[in-house]
Amino acid sequence: MTDRQTDRQTDRQTDELVVGFELDKKGHIQTLDFLKAFSIITIVLMHLCQNYLKALPSVINTASSLGGTGVHVFFFASGCGLYLSYLKHSTTFTEFMKKRFGKIYIPYILIVIISFILPWMYVGSDRFAALLSHIFLFKMFVPRYEGSFGFQLWYLSTQFQFYFVFILLCKVREKINGKQFIIGSMIVSLAWSCLVTSLGLGEERVLNSFFLQFLWEFCLGMEVAKVLKSGKELDFKKWQLFLIAIVGIGLV
């Protein structure tokens, strides 16, 4: 094969290949960083269009709703990043939660306390109880407090739920193979979604944002981390990515 033929073949492969997941020399997944950054932009644009730029054409506001899918990317990325770290250095539940306490819980509570001080952030008479619901993490089970001091904080409630079950999920993955792990998590998420919907509680935030709703996305991220840690790469071509997008939009 001549150099020109090799270049053409390489160009063809490059055209077909859209995105790939692989570990760099530092054990980092750069593609995942791009996806998280892109998701942040889409989420911000979604809230901007739907809450402040309502004069925009309806088709744009409707399209901006897809920005909400960025949340699902974050659950996937969380599962991938946490499990990749666990595979490098396995840890106990206590050690894991200590790290989350310093990195996530403390900054979160500081933001909540600042919001508590600002009078317009919560107008209910049970202001102090709302603060305690964040500090002791029971707001995720009380609809009245789930949106207190910023409705966007629902995401952290779900994330903390994943932190509490993460080590258990790691132990489960060690007992079963990847296919069983992914299919099992999909069944659990689907069952939870059907249960909530059948009870007529599909709009209840503490239920539709419960961690079981997003379990399959988190577990999928964990499985990607497992594959990459074994030395393999995950490459997707245009037609594969298109199918994944269609199925993903349908599921979420």
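**Two loop residues and a helix pair**

Good morning. I begin with Phe149, which sits in the loop that joins α7 to α8. Please bear in mind throughout that the model is predicted.

The backbone of Phe149 has a phi near 60°, a positive value in a residue other than glycine. Is Phe149 buried or exposed? Its relative accessibility is 2%, and Phe149 therefore counts as buried, the cut-off for that class being under 20%.

Let me turn to Leu137. This residue belongs to the loop between α6, residues 127–135, and α7, residues 143–146. Phi of Leu137 is likewise positive, near 60°, and Leu137 is not a glycine. With a relative accessible area of 17%, Leu137 is buried.

My second topic is a pair of helices. Helix α5 spans residues 93–117 and helix α8 spans residues 154–175. Their axes lie 9 Å apart, and the packing angle is about 170°. Because angles over 145 degrees count as roughly antiparallel, α5 and α8 are therefore roughly antiparallel to each other. The crossing of α5 past α8 is right-handed.

Which residues make the contact? From α5 come Phe93, Phe96, Met97, Arg100, Ile104, Tyr105 and Tyr108. From α8 come Leu156, Phe160, Tyr163, Phe164, Phe166 and Ile167. Sorted by class, this contact of α5 with α8 comprises 12 nonpolar residues, no polar residues and 1 charged residue.

Thank you for your attention.

Conventions: Residues are numbered from 1 along each chain as its sequence is written. This is a predicted model: local features need pLDDT of at least 70, side-chain atom pairs count only at pLDDT 80 or more; totals for chains, interfaces and linings use all residues. Side-chain values use heavy atoms; hydrogens and water are left out. Axes are lines fitted to C-alpha atoms, for helices over the stretch in contact, and angles run from 0 to 180 degrees between N-to-C directions. Helices (H or I, at least four residues) and strands (E, at least two) are DSSP runs, numbered from the N terminus. Angles under 35 degrees count as roughly parallel, over 145 as roughly antiparallel, 65 to 115 as roughly perpendicular and the rest as oblique. A crossing is left-handed if the near helix is turned anticlockwise from the far one by less than a right angle, and right-handed if clockwise. Contact means heavy atoms within 4.5 Å. Ala, Val, Leu, Ile, Met, Phe, Trp, Tyr, Cys and Pro count as nonpolar, Asp, Glu, Lys and Arg as charged, and the others, Gly among them, as polar. Buried means under 20% relative accessible area, exposed over 50%, partly exposed in between (1.4 Å probe, protein chains only).
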